[in-house]
Amino acid sequence: MSGKNKREAVLELTGITKTYQVKQGMFSKPQPLKALGGVSLRLYKKDVLGLVGESGCGKSTLAKILLGLENPTTGEVLVDGRQIGPADRQLLARRIQPIFQDPYSSLNPRKSIEEIVSLPLVVHKIGDSVSRQKAVTKMLDLVGLPERSRRGYPGQLSGGQRQRVAIARALVINPEIVICDEPTSALDVSIQSQILNLLADLREELGLTYLFISHNLAVVEHLATRVAVMYLGRIVEEAPAGELFAGPRHPYTKALLESVLTPDPSLSVPDIHLGAQYPNPISPPTGCHFHPRCAAARDVCSTTPPPHLQSATSQVDCHLFRKGADGRSLVPA
Amino acid sequence: MSETILNVEGLTVDIPLGSGTLHAVRGIDFALKRGETLCIVGESGSGKSLTSLAVMGLLGKRIQVGAAKLEFEGRDLRSLTPRQMQALRGDRMAMIFQEPMTSLNPAYTIGDQLCEALQLHRRVSKAEAMAQAADLLGKVGITAAESRLQQYPHQLSGGLRQRVMIAMALMCEPDLIIADEPTTALDVTIQAQILRLLADLKREMNLALILVTHDLGVVARIADKVAVMYAGEIVESGTAKAIFDAPSHPYTRGLLDCIPVPGKTKPGEPLGSIPGIVPSLVGDVAGCAFRSRCALANDACSETIPKRTASGEHMYRCVHETLISEVA
Ligand SMILES: Nc1ncnc2c1ncn2[C@@H]1O[C@H](COP(=O)(O)OP(=O)(O)OP(=O)(O)O)[C@@H](O)[C@H]1O
Ligand SMILES: Nc1ncnc2c1ncn2[C@@H]1O[C@H](COP(=O)(O)OP(=O)(O)OP(=O)(O)O)[C@@H](O)[C@H]1O
Ligand code: SF4
Ligand SMILES: [Mg+2]
Ligand SMILES: [Mg+2]
């Protein structure tokens, strides 16, 4: 193995923007809403990239673009270094599969578990009915569902079992990358732990790469190898998980980590010193989008967009930092 | 010593279904004083919401509520007429529901909805009600309150709507607030802000708070007392310290093992889990409902389960009596 930065990115996003036209009132004319304002990201093989950030900051929009469910307004999606256009959706779908939040609404209640799990094989015209049956058997075993459940229907399963079915369906066509959008937030903690353990095992067994979107930072810390933090359509910090949780740089990342409530009854709810000036995505704040809520903001923050700074392992967009003399580290500005 | 304002003993909720009766809540006890926060945690479907709704008198006619005692500020809630119950709700006791959008009326402004309860229960002018509404919006951390009062629910973000719901619950300065998963739909920074607000308001107004949640981090940080529910029963209750430092029921212990805890669980290592599923509560239910999933279960678990108490208020239901001392 050569150095980390030489590892091959299985998936790469460069300068992705996504603009929606939205109406604010019944009679007003549509205005542009920039859901993504230039996102660049790399996903390395067998990494678990945790994607965190405030509600509405664009996480799901990014996931939909990766899945080919939405087209970016500008920017490129590269798979194994090759650019993916709208015509390559089939290819994208075979290699990248989703697991969504709600296992109750994402499974068709009228289809049997066997039909649900084998559907992607049918859609992509892979194998015949015998090989598809075999594939379903293998998948059910892999996700820990009993063989007899193949003839059952979603209504007969618990939330955790349904999420297992969704995982089996996502994995049946051997994707390399799995996009998990809040895969456990609708579930009990007792079921959440089963699913997290399963995802970790499958990563080892099948060499999978995950993009893992979640509001639960304790879960992200547990599972992720790298973490990207989003705020209002931009990635404001990205770093190896250990580095980010041990030493967050961006003030928004700090506020996020301070908001995590560990189950310690000797502590109370922390005061995170984060202003309540929630930004309007239709007319985002000038300069650094975060400045109206940032306790550390300087004059320059309200006028000038922050610099995009990269170190050997991480990146941050904030006026509080600059490149060190060695060109590879980030130091306080 | 502050007074007990809510006293519940032997609360049951039965729901008739085609296939029999669902014994959704099966005889639970709890009491709450002014200035106290009780957190109810537990498995999905264990009866947390039904318990809240039963106390508020908000369950439909079809659903049968029974209790040996159901007292609020010394009054027997079972003896009240629906009208009297309605007068109590929104005035002396208020509820914050999980999904703010379903409990705000999209056709009315925030201001109108906030003032409605106050004008209904107290003789105040619209102007006085509006002034109080603006004051409360400020308290719940909403800036530019005057202009917010003119807005409609859809013009607010989820976090703002949830704050409006909290302000609405506070309008008549109730003595008891029941909040059912008030922060589940919110992200962590907003969650922390809202929980701080609830804790501050509780202290300032000396009210009692019942918080239903499945987030154990929230429970640890905000609860004075905790009730852990499983399949319609409170299987363990006690102070937050007792529950987190000396969990004694196997379900409570299982629950605490399931969550990743930064600094305690190792990233990447398997988390604890509770295999199996909750049993059906339709028809006769006997013994410990957790036994099919419990590693410590034995024959005695199908019989009547004793209620064990340790140090003061700490209680749990299990055939094993050595669990508490094991941990202590
Ligand atoms: N189809 C659409 N039309 C218009 N606006 C949209 C559309 N989809 C998303 N948006 C807007 O784009 C922004 C980003 O939305 P997105 O769903 O990606 O957020 P998110 O980070 O996934 O939030 P959450 O954590 O709440 O799921 C939001 O302001 C949202 O309102
Ligand atoms: N109106 C109803 N008719 C039939 N069954 C009901 C009704 N309301 C609740 N139940 C059932 O009663 C049980 C307890 O429900 P409850 O809503 O109190 O659970 P909960 O503990 O709040 O769960 P969650 O954490 O998922 O909100 C569940 O099995 C539920 O399906
Ligand atoms: S750039 Fe300025 S406003 Fe933005 S996060 Fe950094 S310090 Fe805060
Ligand atoms: Mg989303
Ligand atoms: Mg509920």
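Predicted model: local features only at pLDDT ≥ 70, side-chain atom pairs only at ≥ 80, totals over all residues.
Colleague: What should I know about numbering and confidence before starting?
Modeller: Residues are numbered from 1 along each chain as its sequence is written, chains are lettered from A and ligands numbered from 1 in the order in which they are written.

Colleague: Which residues are the closest to ligand 1?
Modeller: A residue is near a molecule if one of its heavy atoms lies within 4 Å of it. For ligand 1, 14 residues surround the molecule. The closest are Ser55(A), Gly56(A), Lys59(A), Ser60(A) and Thr61(A).

Colleague: How many Å separate a polar side-chain atom of Thr61(A) from an oxygen atom of ligand 1?
Modeller: A polar contact is a pair of N or O atoms within 3.5 Å; within protein, one must be able to donate a hydrogen and the other to accept it, and residues adjacent in sequence count only if both atoms are side-chain atoms. Gly56(A) has a backbone N or O atom 2.7 Å from an oxygen atom of ligand 1. The side chain of His215(A) has an N or O atom 3.1 Å from an oxygen atom of ligand 1. For the polar side-chain atom of Thr61(A), the value is 2.6 Å.

Colleague: What percentage of ligand 1 does the protein bury?
Modeller: Accessible areas come from the Shrake-Rupley method with a 1.4 Å probe; for residues, only the protein chains shown count as cover. Taken alone, ligand 1 exposes 640 Å². The protein buries 67% of that.

Colleague: Which element gives the most to the shell around ligand 1?
Modeller: Helices (H or I, at least four residues) and strands (E, at least two) are DSSP runs, numbered from the N terminus. Strand S1 (9–22), strand S2 (31–44) and helix H1 (59–66) of chain A give two or more residues to this shell. The top contributor, with 3 residues, is H1(A).

Colleague: In chain B, how many residues lie between S1(B) and S2(B) in their hairpin?
Modeller: Strand S1 (residues 4–17) and strand S2 (residues 20–33) of chain B run antiparallel, joined by 11 bridges. Val8(B) stands opposite Phe30(B) in S2(B). The number of residues between the two strands is 2.

Colleague: How many Å lie between a polar side-chain atom of Lys48(B) and an oxygen atom of ligand 2?
Modeller: Ligand 2 is surrounded by 13 residues, Lys48(B) being among the closest. An N or O atom in the side chain of Ser49(B) is 2.8 Å from an oxygen atom of ligand 2. A polar backbone atom of Leu50(B) is 2.9 Å from an oxygen atom of ligand 2. For Lys48(B), the value is 2.7 Å.

Colleague: How many charged residues are in the shell around ligand 2?
Modeller: Ala, Val, Leu, Ile, Met, Phe, Trp, Tyr, Cys and Pro count as nonpolar, Asp, Glu, Lys and Arg as charged, and the others, Gly among them, as polar. The shell has 5 nonpolar and 5 polar residues. The charged residues number 3.

Colleague: Why is one side of S7 and of S12 in chain B left without a neighbour in the sheet?
Modeller: The open sheet has 8 strands in the order S7-S8-S9-S3-S10-S11-S13-S12, with mixed pairing. Strand S7 (93–96) and strand S12 (307–310) stand at the edges, so one side of each is left without a neighbour; each has a single partner strand.

Methods. Heavy atoms only, no water. Pairing = 2+ DSSP bridges.
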